[in-house]
Structures are given as C-alpha cells and as structure tokens.
Amino acid sequence: MSNHHSPVDDHQVRISDSPEIPPAINDNWQARRELADALRRLNMAMLTADAPTGQLRAVAAVVHTEAARIEANERVYGRKALSNLYTSRQQQNPDLLHEMSPASGWSNAVAPGMHIWREGERVHARVTPDWSHEGPFGHLHGGVIALLFDHVLSIGQRMVGSIGHTGTLTIRYHRPTPINKPLRMVADVKRIEGRKKFMAAELWADNACTASCEGIFIASRNALPPASPEPDKADT
Ligand SMILES: CCCCCCCC(=O)SCCNC(=O)CCNC(=O)[C@H](O)C(C)(C)COP(=O)(O)OP(=O)(O)OC[C@H]1O[C@@H](n2cnc3c(N)ncnc32)[C@H](O)[C@@H]1OP(=O)(O)O
C-alpha cells in the first residue's frame, strides 16, 4: 500500500534538453508508441466520422478481439512494477513516466502526446490537443489544461531536486484555448521553502497566453536533497 510520505518520483525521470522527442529505447517500445498512435487515430475517427452503426459495432468487435490477444501476455500493472520487472531481467528501463504518463506518455493512447524539455532554468512543452480534448465548442477542456499544467510543473521540479506531490494548483483561464494547433508551455521554479516548491507556468497559443498557473508542490520527508547541480543526471 502506498503512503503519502513516499516519493512520487521513481528517480528515473529525466528532463530532456532537446525539443525533439527522443527515439524509443528499443523496438518493443517503438511498437507501443505505434499502437498508441493507432488507438488515437481510431478514437479520432470515431469522434469525427458520421459512421454507420453496423460499422461501429464491427470495429468494436475487432478491437475487443485484438485487445484479448494482448491481454493474454503476462500483465504488469503500474510503472513501479514494470520498472522492477525490467531490473530483475537486467533489461534497460525506458523513461517510463514519459512513455506512460496520462498527460505526456508517448505510449499512452489517452495522453495528448506532450513533449517537455529544459532550456536553462525553465522547462518548455509542446502539445497539440485535438477533438478528443474538446471542452467548449472548438476549444480545449479546462480540466485537460489543468492536467497539462500539473504535469509540466511536476516535471519542472526535477530542475531543483526530486518530484513532490501536487499540493495546490491555481489556474487562471484568460481566454479559450484552441485545439488542433500546437500549444506551447513554459514553467519555472519561483522559490523553495523547506519541502515546498512554488512553481509557475503559462500556456500559449500563437502569440496569446490563454492560461497561467501557480502550483505548490510538497516534497516527501525522505526526498532527495534539493538543488542538485545536475538533477537529471545525479540519480542514474
Ligand atoms: C513521477 C512524477 C509523476 C507525476 C505526478 C504528477 C503530480 C501529481 O499528480 S501528484 C497527485 C496529486 N496530489 C496528491 O494526491 C497529493 C495528496 N496530498 C498529500 O499526499 C499530502 O497532503 C501532501 C503530500 C501534499 C502533504 O502532506 P505532508 O507531507 O504530510 O505535508 P505537511 O507535513 O502537512 O505539510 C508540509 C508543508 O506543506 C504545506 N502543505 C501541505 N499540504 C499542502 C497543500 N495541499 N497545498 C499547499 N501547501 C501544503 C504545509 O502547510 C506545510 O508547510 P510549512 O512547512 O510551511 O508548515
């Protein structure tokens, strides 16, 4: 059972220093990314196509059959268990958070496929939400915006130590955020007080800041000490 004093960070989370998504660590994870892309495409097709009922039911049956094929393999639930499995097999661990996160996971079909990287003392992110993330007509759902902020700020904590739990997020929605176009995010650490990191981020579409966020993140009592000079390399 988890307790809230254990770190949320699995110590393998790194912040990329490149605006380009890194290649998958092996062919298996490349195939997972490809399947996630296919699932996103299927979802988009269903949400946007005026498809006949029979066709929808036929595709559902095929998808259930294919899901059962994959389910027949050994099941491993959660990043921690998967990481332990790879370690026990002496296999290389992918960056599981960036592959599996519901906000940014390249191999998670429900994630909008965000990329986060560091430049100096800031983290940047790029994401293109689509019709599956619609809130107000033609615009991004406010809860999805909260998810994106939470994740970018969470990862941004890595610049100054380990990743703590989100304590409080305060979001101001300045104007509707478009979908189906690349959005940019930028985040930084404003200050650290004891176990608390005060973070801030903005969401931009074209030249407009559509939302901004302040977050307070609470490091666990047994967290790594903050302000490691190279936090993304120190734990390897
Ligand atoms: C690997 C990365 C994965 C990505 C993760 C993405 C981020 C997430 O989604 S995390 C999930 C969402 N968040 C949660 O579920 C957190 C649930 N809450 C908790 O577990 C606890 O309340 C927790 C950990 C935040 C704080 O508990 P605890 O460590 O006991 O804090 P506590 O000792 O009471 O307080 C420490 C300090 O933080 C402050 N604080 C506590 N809770 C909060 C809060 N919610 N907001 C702001 N400040 C807070 C206290 O006032 C105190 O400040 P000070 O030192 O100045 O007196």
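Read along the sequence, this protein follows the pattern α-α-α-α-β-β-α-β-β-β-β-α, which comes to six helices and six strands. Helices (H or I, at least four residues) and strands (E, at least two) are DSSP runs, numbered from the N terminus. The model is predicted: local features need pLDDT of at least 70, side-chain atom pairs count only at pLDDT 80 or more, and totals for chains, interfaces and linings use all residues. Residues are numbered from 1 along each chain as its sequence is written.

**The sheet**

- The six strands form an open sheet in the order E1-E2-E4-E5-E6-E3, with antiparallel pairing; two strands pair if DSSP finds at least two bridges between them.
- Strand E1 (115-119) and strand E3 (165-173) stand at the edges with a single partner strand each, so one side of each has no neighbour in the sheet.
- On average, neighbouring strands of this sheet are turned by 20 degrees against each other, direction ignored.
- Strand E2 (residues 122-127) and strand E4 (residues 183-193) run antiparallel and are joined by six bridges; Arg-122 has Asp-188 in E4 as its bridge partner.
- E4 also pairs with strand E5 (residues 196-205) in the antiparallel sense, over 10 bridges, and here Arg-191 has Phe-198 as its bridge partner.
- E4 and E5 form a hairpin with two residues between them, and Gly-194 in the turn has a positive phi of about 60 degrees.

- H5 lies across E1, E2, E3, E4, E5 and E6, and runs at about 130 degrees to E3; axes are lines fitted to C-alpha atoms, for helices over the stretch in contact, and angles run from 0 to 180 degrees between N-to-C directions.
- Of the protein's 236 residues, 26% count as buried. A residue is buried if 20 or more other C-beta atoms lie within 10 Å of its own, exposed if 12 or fewer, and partly exposed in between, with C-beta atoms placed from the backbone.
- A nonpolar core is a set of buried Ala, Val, Leu, Ile, Met, Phe, Trp, Tyr and Cys residues joined through C-beta atoms within 7 Å.
- The largest such core has 30 residues, of which Leu-148, Val-152, Leu-153, Met-185 and Ala-201 touch the most other members.
- H4, E2, helix H5 (142-156), E4, E5 and E6 each supply at least two residues of this core, and H5 gives the largest share, six residues.
- Leaving aside neighbours within four places in sequence, Leu-148 is in contact (C-beta atoms, placed from the backbone, within 7 Å) with Ala-103, Met-114, Val-127, Met-185 and Leu-203.
- Met-185 also stands opposite Leu-203 in E5.

**Out in the open**

- Helix H2 (residues 53-71) has 19 residues, and the number buried is zero, so H2 lies largely in the open.
- The end C-alpha atoms of H2 are 27 Å apart, which agrees with the 27 Å that its 19 residues should span at 1.5 Å a residue; the expected span is 1.5 Å times one less than the number of residues.
- Gln-90 lies in the loop between helix H3 (79-88) and helix H4 (96-100); its phi is near 55 degrees, a positive value in a residue other than glycine.
- Gln-90 is exposed, with 6 other C-beta atoms within 10 Å.
- Asp-206, in the loop between E5 and strand E6 (208-218), also has a positive phi, near 50 degrees, and counts as exposed with 10 C-beta neighbours inside 10 Å.

Technical notes:
Contact = placed C-beta atoms within 7 Å.
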